[in-house]
Amino acid sequence: MEKQAFFFIDDVIWVMRDLTRERPKSLFDNAFMKMLKKGHDDYGMTVQLNLFYRTDFFYGNDEFTLAEMTDAYKAEFEENSNWLRLAFHAKQEFPDYPYVNATYDDVKANYETIVGEIKRFAGEKSVSPAICPHWLPISKAGCRALADCGVKFVTPSVGETKEYTGDESVLPYGHAMRLLHNRQPETKLFARRTRDTRIASSICAYNHISDEQKAEIYGKNTSIYDEEVGLSFKIFGGGPTLNLNTVETMTETLAKLNGNQFIGTATHEQYFYPDYFNYQPDYAEKYYALGKILKEYGYRFITVDEMK
């Protein structure tokens, strides 16, 4: 049995801004992209970048949107699409849980806007049909919209669900308002298994599976097809999220997962940047360590085309 790995990065937008404004000669002269390419060249890593449409005014009014993204690197994106893919994530970073109670039309419009721009500046071959919605939950209507747009896989949340009693204190950061606004029948609470204990109490929507369903697919390159919406729920992650780990804790977790047929791991873009308030100077070190460890364990990084 071949051992396979998958890696993705959420919340991507700043690198697109920098490429557009700085115009390096090559796509991989940019520091972030150069890091990704080194991981591919040295360890065979494949990478999926999940894109925001625009920067968020939370960080200031210097707005950048994908509509401004240069197409100067389109040929390079296409040439590297065998290991580097781009995908829809959300319109912007805030609010949290943007699609938990979303309408069909809103999700379809956001998806078509982002993917339309990806095709323009990176080519159709760069588009991934595997979606990790921002904060994970997406409504049933939203899932149908994604399926109608050609999406094949959406990653789910996992765990025992419970009904919301009206007690706002059970959710952090004012998330109760996100749960209640335009609330759909499938929107509930669940206990998230995460190193970030601040969000242990979280919201789930239609793309949620039980622990029993997780047991059927976790650690395997397989998924659960949902006939009602016409797409599959696949656990892209399950391995260590790099920005929530040190090299040491990541190494320990990967050692425990070694032997699984499939290991998915992720991180978030913003922790790479020194001007981000939660900057992690070991960002690249953790990325390279991930590739090195999994290569030594005999894992081959796969592209979304090899997902089942």
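A crossing of two helices is called right-handed if the near helix is turned clockwise from the far one by less than a right angle, and left-handed if the turn is anticlockwise. The legends below describe close-up views of a predicted model.

**View 1. Packing of helix α2 against helix α9.** Helix α2, which covers residues 31–43, packs with helix α9, residues 283–296, at an angle of about 15 degrees, and their axes are 10 Å apart. Because angles under 35 degrees count as roughly parallel, that angle makes α2 roughly parallel to α9. In this pair, α2 passes α9 in a right-handed crossing. On the α2 side the contact includes Phe32, Met35 and Leu36, and among the residues they and their neighbours in the contact meet in α9 are Tyr283, Tyr287 and Lys295. By class, the contact of α2 with α9 has eight nonpolar, three polar and four charged residues.

**View 2. The largest cavity.** This cavity has a volume of about 70 Å³, and the structure holds three cavities of 30 Å³ or more. Its lining includes Asp11, Trp14, Arg54, Glu93 and Gln270, and by class the lining has four nonpolar, two polar and five charged residues.

**View 3. The second largest cavity.** Here the volume is about 50 Å³, and the residues that line the cavity include Tyr218, Ile235, Leu257 and Asn260. Strands β13 (238–241) and β14 (262–268) are the elements that give two or more residues to this lining, and β14 gives the most, with three residues. The lining divides into five nonpolar, six polar and no charged residues.

Notes. Residues numbered from 1 in each chain as written. Predicted model: local features only at pLDDT ≥ 70, side-chain atom pairs only at ≥ 80, totals over all residues. Heavy atoms only, no water. Axes fitted to C-alpha atoms, helices over the stretch in contact; angles between N-to-C directions. Helix = DSSP H or I, 4+ residues; strand = E, 2+ residues; numbered from the N terminus. Parallel < 35°, antiparallel > 145°, perpendicular 65-115°, else oblique. Contact = heavy atoms within 4.5 Å. Nonpolar A, V, L, I, M, F, W, Y, C, P; charged D, E, K, R; others polar. 1 Å grid on protein atoms, 1.4 Å probe; cavity = no way out; pocket = protein on both sides within 12 Å on 5 of 7 lines; lining within 4 Å. Points joined across faces, edges and corners; volume = space filled by probe spheres on them.
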